[in-house]
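This report concerns a single protein model. The sequence and the structure are displayed below.

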Amino acid sequence: MIVWPDSAFDLLKRYVETLDRRLPRDARSATSILRSFQRFVMAQTAGPALSRSVVESWLRAVDAVSLRSMVIRRAQIVDHFLDWLVGRGHLAVNPFGELRARCRPRGTRSIVPALLSADPE
């Protein structure tokens, strides 16, 4: 079994193949966002573990160069990908999923601003 992140981006490619083929522009956009996220994770961690702190660091990096609405959209795309990885056993946990289980409201749209705040707890 391939463990994520994989340096060949094979899991990312498989995931993108599952996206709606009627919207190829969306698939290209998602691929770009996910490749960027995966590269960031590989640069931040030595192994396959993905932590909340890495996700927070990525969100801050994206927030520094993007509108908040785009940060939220990118986070939603990453969140779906991480759920897909967890569902297929390639990743132990999705940090967004863990936060959804503990927070109200549960959506990524609510979680992202909280993670970007000065005190994310």
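## Segment before H1

The model is predicted. Helix H1 comprises residues 10-17, and proline 5 lies in the segment before this helix. The peptide bond linking tryptophan 4 to proline 5 is cis, with omega near 5 degrees.

Phenylalanine 9 is also found in the segment before H1. Although phenylalanine 9 is not a glycine, it has a positive phi of about 60 degrees. Its relative accessibility is 10%, under the 20% limit, and phenylalanine 9 therefore counts as buried.

## Nonpolar core

The largest nonpolar core has 35 residues. Those with the most contacts inside this core are Trp4, Leu50, Leu59, Phe81, Leu82 and Phe96. Two or more residues each are given to the core by H1, H2 (24-44), H3, H4 (68-87), H5 and H6 (108-116). Helix H4 provides the largest share, 9 residues.

Leaving aside residues up to four places away in sequence, leucine 50 touches Trp4, Phe37, Val41, Val55, Leu82, Leu91 and Pro95.

## Packing of H3 and H5

Helix H3 (residues 52-63) packs against helix H5 (residues 95-102) at an angle of about 100 degrees, and their axes are 9 Å apart. Because this angle falls within the range of 65 to 115 degrees, H3 is roughly perpendicular to H5.

On the H3 side, the contact is made by Arg52, Val55 and Leu59. On the H5 side, Pro95, Phe96, Leu99 and Arg102 take part. By class, this contact has 5 nonpolar and 2 charged residues, with no polar residues.

Methods. Residues numbered from 1 in each chain as written. Predicted model: local features only at pLDDT ≥ 70, side-chain atom pairs only at ≥ 80, totals over all residues. Heavy atoms only, no water. Helix = DSSP H or I, 4+ residues; strand = E, 2+ residues; numbered from the N terminus. Buried < 20%, exposed > 50% of the residue type's maximum accessible area, 1.4 Å probe, protein only. Axes fitted to C-alpha atoms, helices over the stretch in contact; angles between N-to-C directions. Parallel < 35°, antiparallel > 145°, perpendicular 65-115°, else oblique. Contact = heavy atoms within 4.5 Å. Nonpolar A, V, L, I, M, F, W, Y, C, P; charged D, E, K, R; others polar. Core = buried A, V, L, I, M, F, W, Y, C linked by side-chain atoms within 4.5 Å.
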